[in-house]
Amino acid sequence: MSRIPWPPILGFGAIVLLAVLAPVLPLPDPVTMDVAHRLAGPSLAHWLGQDEFGRDVLTRLLWGARVSLSVAFAASAIACVAGVALGVAGGFLRGIVEILALRSIDVLLCFPPLLLALLVVTLAGPGAATLVPVLALVYLPGFTRVAYAGVLTARSQDYVEAMRVLGAGKGRIMLRTILPNIGGPVLVQFSLSAAAAVVLESGLSFLGLGVVPPAPSWGLMIGAARATMTQAPLLLLWPCAALTLTILAMNALCDGLRDAVDPHPAYRPPGRRWLDRLTPGLLPATRAVLDLRGLTVRIDTPDGHFEPVRDVTLHIDAGETLALVGESGSGKSLTSLAISGLLPGAARVVAGSARLDGTDLLALPEEALRRLRGGAMAMIFQDPSSSLNPVHRVGEQIAEAIRAHRPKAPAATEAITLLKRVGIPDPAARARAFPHELSGGMRQRVMIAIAIANAPRLLIADEPTTALDVTIQAQVLDLLADLKRERGLALLFVTHSLPVVAEIADRVAVMYAGEIVEQGATAEVFARPLHPYTAALLRSAPDEEGPPPEGIPGVVPPPFDLPKGCVFAPRCVHRAPACDAARPKLATLPDGRQTSCLRWREL
Ligand code: SF4
């Protein structure tokens, strides 16, 4: 752990220390009443005043912290152990274990957390002994899903394959290779659950379903202070402030831990890093680098027109990779060409907007768009052999890209620096080479050097690894991921390969017949696809351990002959009469995922 988050550790550590030391500090007893001085204000003897029974407020705050934190940590620890065991077993053993583990979690997820807690506490009776198992049950699914998604991602990595090649057994691979890789996300989930458990415990105590009086609890203190709010408003302020400060400290700690345990932290502008930690969600979110809304492309023909890309809406933030995935003919390459203003002559954008850092690209004149290409917006194409000019040395080609946007820059020197940055050995000598003197992987690295030469905000990579063998492909993906993190690039990765998506993308948008049919975080989409097309794509991806992949029966319908209802209906095994009635729209679910399948709940 190289970047220890000292400020949140010290802040939260101080709160924990005060709570632990409460019994030995020179403070009055938390339950001893002094009704003669009820609702007395702050004094030298009682720094924060006395409550409705004359008890010392400061003492009750510190003892309340003991209760809240011990309930929250005990519940989170139980949920962590049980949830991780379920997720790891499901993700690693697969088969019936996976079905049982995930379906039991799905059942729990059907109940809103607060309602589940209320139900169990009402049946079992209030008290800290009931709260711990109830909160553990509420937060268990989060751990299961994090562990399950982590195992699924880790098991497809090359280093796991390398362990298999070395002859390591399943247990050893799990303990030595997979578990250490999901440790970071699980740790973050733990701190998130503990923070949420503090709030839920206080809420239940406030409702009279948590800690039993006269034991001190922040929720009970808030509930009691509400009744005397007009006479002693400070009594309401102290427990609310304690709760808020504790949650802020835990959130900051959680964010700091995530950065510390993640070897590849997400890019965030340095100026707002700490503000984000202290007030997560309160600051306006960073504006998306790329923001597409309702993008529709039309092709005119002598017999009329058709729309091969319809109503595409997506966004990419700085330091984020979005994979646009789908079969040939799904419209993903046309979408990326529309963004960069490079559509073929017969095609034009007829609806929607495409904003790059707030500027609508579709409204720009060609000259302004030309200045953006290769500058703020760069592209890498599939085949570097045809993208590099065969009669010019590669160093000259990089320098030319630099001079096109920055005429006074020391282009030759920068070209060598860029070649070095993209991992080309002996860059000064390679800069003098012609493209045919380099390997396919090196040529693609040169293309990447050209693309990043003018510090783009958006990098569009259209199948950039398809022409490369598997080893070089992995190296190029690593390079792109490093550049994205280091420079805060928004990376739009167009591909048909699901293993590549798993390797590089934070989020994935699945396209079919010109529409986005599903969108969400990669791990979530891979673990629980919500559209039958995504599920079929996943089943058709090769898996060295599972059964031979199933193809998807049928073909993508041509854009001039689309079905009236769901575009996937002719190939969908779940097709119902409602699917043919009208074209379903992409729906956004409460957790932010999107699907256009009408039957996603049932399936
Ligand atoms: S809407 Fe109907 S036809 Fe379309 S994917 Fe969903 S179930 Fe299949």
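Reader: Which residues come nearest to the ligand?

Author: In this predicted model, 14 residues lie around the ligand, and Cys566, Cys572, His574, Cys579 and Cys597 come nearest.

Reader: Why is Val67 called buried?

Author: A residue is buried if 20 or more other C-beta atoms lie within 10 Å of its own. Val67 has 23 such atoms within 10 Å, and therefore Val67 is buried. Val67 lies in helix H2. Across the protein, buried residues make up 40% of the 603 residues.

Reader: With which residues is Val67 in contact, leaving aside its neighbours within four places in sequence?

Author: Val67 is in contact with Ala128, Val211, Ala215, Pro216 and Ser217. Each of these pairs has C-beta atoms within 7 Å, because that is the cut-off for a contact. The C-alpha atoms of Val67 and Val198 are separated by 9.4 Å, although the two residues are 131 residues apart along the chain. For the protein, residues 24 or more positions apart account for 66% of the contacts with a separation of 6 or more.

Reader: How do helix H2 and helix H3 pack, and at what angle?

Author: Helix H2 (residues 57-93) and helix H3 (residues 95-109) pack at an angle of about 140°, with their axes 7 Å apart. H2 passes H3 in a left-handed crossing. From H2, the contact is made by Leu86, Ala89, Gly90 and Leu93. From H3, it is made by Gly95, Val97, Glu98, Ala101, Leu102 and Ile105.

Reader: What makes the contact of H2 with H3 have two polar residues and one charged residue?

Author: Gly counts as polar and Glu as charged. Gly90 and Gly95 take part in the contact, as does Glu98, so these residues supply the two polar and one charged members. The contact also has seven nonpolar residues.

Reader: Into which domains is the protein divided, and how far apart do their C-alpha centres lie?

Author: The protein is divided into domain 1 (6-27 + 49-278) and domain 2 (316-340 + 455-595), and the C-alpha centres of the two domains lie 34 Å apart. The protein has 21 helices and 12 strands. Its C-alpha atoms fill a box of roughly 95 × 65 × 55 Å, taken along the principal axes.

How values were computed:
Residues are numbered from 1 along each chain as its sequence is written. This is a predicted model: local features need pLDDT of at least 70, side-chain atom pairs count only at pLDDT 80 or more; totals for chains, interfaces and linings use all residues. Axes are lines fitted to C-alpha atoms, for helices over the stretch in contact, and angles run from 0 to 180 degrees between N-to-C directions. Helices (H or I, at least four residues) and strands (E, at least two) are DSSP runs, numbered from the N terminus. A crossing is left-handed if the near helix is turned anticlockwise from the far one by less than a right angle, and right-handed if clockwise. Domain bounds come from an automatic or database domain assignment. A residue is buried if 20 or more other C-beta atoms lie within 10 Å of its own, exposed if 12 or fewer, and partly exposed in between; C-beta atoms are placed from the backbone. A residue is near a molecule or strand if its C-beta atom, placed from the backbone, lies within 6 Å of it.
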